[in-house]
Structure formats: C-alpha cells, structure tokens
Amino acid sequence: MSATPIGRIYVLRHGETEWSRDGRHTGRTDLPLTEKGEEAARTAGRLLVTLRGADAPPPAVWTSPRQRATETARLAGLEPSAVREDLVEWDYGAYEGRTTPEIREEVPGWTVWTHPCPGGETGAEVAARLDHVLADAGQELAARDVVLVGHGHAGRVLIARYLGLDPSAGVGFAFDAASVTVLGHERGVPRIDLLNAPGGLVEPPPPPADRH
C-alpha cells in the first residue's frame with residue numbers, strides 16, 4: 001500500500017443465488033442471481049454511493065468474471081474497468097455444490113478453513129492470487145478508491161490478507177451476500193473501516209483519524 005493512500009477499497013459480495021441461499025458451495029459453477037439477489041445488488045449500489053459520497057471521483061472497479069458478480073456490479077450501477085480471474089471464488093473441487101452438513105457426513109468437523117477441498121484450492125493458493133489483487137489495488141489507492149466485486153470465502157480471505165493475516169483468519173470476518181466491507185487505513189496502516197454492511201445502511205462510517 002502507498003505510504004499516504006487517498007482511496008479506500010470497497011469489497012462488494014455478489015447478491016443471492018439459489019446455491020448461496022441453500023448453503024451450497026459455489027466456486028466454478030456460474031449461476032445467476034435470484035430476484036432477491038438482484039434487488040439487494042441495487043440496494044448495495046445505493047449504499048456505495050452513500051459511503052463514497054455522491055461527488056466522489058469514479059473508482060477503479062474490478063469484478064470476478066462469474067455472472068453473479070458481473071450482474072451484481074451492473075445492478076449496483078458500477079462500470080467495471082477490469083474483469084479479473086484472480087477475484088473468482090475459492091475452488092471447492094469435489095465439494096462443489098455440496099453443503100457443509102453433507103460434507104461432514106464423510107469428513108466430521110469439516111470447514112473450508114481447516115480442511116482440504118479434494119481437487120480444489122488450498123487457502124494459501126486463494127491467498128496468493130488475492131495478494132496480487134491487493135498489490136494492484138495499492139497502486140490505485142494513491143489517487144482513487146477501488147471497488148472489488150466478488151465472492152464470499154474469497155472475499156473473507158482478501159480481508160484477512162489486507163490485514164496481513166493468514167488466510168484461515170478469514171473465518172473471523174462475516175461477509176454476507178450483497179454486503180459491503182470497506183478496507184481503509186490509519187496513517188498508512190491497514191484497518192477495517194466497515195465490515196459486512198447491509199445495503200440498507202444509510203450513514204457513512206466516520207473518517208479515519210488522520211482525515212480530520
């Protein structure tokens with residue numbers, strides 16, 4: 001990150017799909033939004049305007065190529081400047097489309113944070129590609145905000161990596177469908193300004209201490 005960043009990173013998770021609603025792990029499968037997900041994406045767009053300010057200069061907008069992310073960006077009123085494969089969701093391998101209770105029938109106590117996904121990605125592999133996203137975003141923050149439109153588990157890893165934590169620390173950050181997380185800084189030190197905000201939020205968070 002730049003020593004004196006001006007912008008912040010706004011992380012928007014895609015709206016609800018049938019699989020996210022039902023708790024089915026959705027990595028590579030390309031699903032559309034539900035009607036509820038579409039409306040939530042529009043609401044999230046209004047939240048982003050509130051958080052950034054109506055007069056803020058256009059941000060860099062990067063989105064995952066999955067339609068649930070690109071459609072969320074469109075409905076939120078965002079114009080992507082890049083579609084990035086490194087923003088895709090965790091690859092769950094053999095566990096694609098399955099719920100945690102189903103997986104635990106075979107692997108007791110399984111979670112994506114503590115156990116492998118056969119044929120899929122490790123947490124370290126997810127973190128490595130998201131580190132590239134954060135490095136590129138850090139270059140943009142010297143001049144403007146960055147909006148990242150992506151997914152649940154990958155988004156939580158990204159939050160952890162922004163703070164310099166291991167990818168498994170993502171378990172500690174909620175990130176619901178169509179919610180917004182704001183990654184800011186205090187005198188150049190990364191911090192979370194807002195976490196998992198629903199689209200109905202209408203008040204922006206207070207500014208960093210060094211912006212008074």
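How many cavities of 30 Å³ or more does the structure hold? In this predicted model, the count is one.

The largest cavity has a volume of about 60 Å³. Its lining consists of Val11, Leu87, Leu130, Leu148, Val149, Gly150, His151, Ala154, Gly155, Leu158 and Phe175. Sorted by class, eight of the lining residues are nonpolar and three are polar, with no charged residues. Strand E4 (146-150) and helix H6 (152-162) each contribute at least two residues to this lining.

I turn now to the nonpolar cores. The largest comprises 31 residues, and Ile9, Trp62, Trp90, Leu130, Leu148 and Leu158 have the most contacts inside it. Two or more residues come from each of strand E1 (9-13), strand E2 (60-63), helix H5 (123-140), E4 and H6. A second, separate core has 17 residues, including Leu12, Val61, Val149 and Leu194. In soluble globular proteins, nonpolar side chains tend to be buried together.

Finally, strand E1. Five of its five residues are buried. Ile9, Val11 and Arg13 point one way from the strand, while Tyr10 and Leu12 point the other way. E1 runs parallel to E4, to which five bridges join it, and Ile9 stands opposite Val146 there. With strand E5 (residues 180-186), E1 pairs in the antiparallel sense over four bridges; here Tyr10 faces Val182 as its opposite residue. Beyond its neighbours within four places in sequence, Ile9 is in contact with residues that include Leu134, Val146, Leu148, Tyr162 and Val182.

Technical notes. Residues numbered from 1 in each chain as written. Predicted model: local features only at pLDDT ≥ 70, side-chain atom pairs only at ≥ 80, totals over all residues. Heavy atoms only, no water. 1 Å grid on protein atoms, 1.4 Å probe; cavity = no way out; pocket = protein on both sides within 12 Å on 5 of 7 lines; lining within 4 Å. Points joined across faces, edges and corners; volume = space filled by probe spheres on them. Nonpolar A, V, L, I, M, F, W, Y, C, P; charged D, E, K, R; others polar. Core = buried A, V, L, I, M, F, W, Y, C linked by side-chain atoms within 4.5 Å. Buried < 20%, exposed > 50% of the residue type's maximum accessible area, 1.4 Å probe, protein only. Contact = heavy atoms within 4.5 Å. Pairing = 2+ DSSP bridges.
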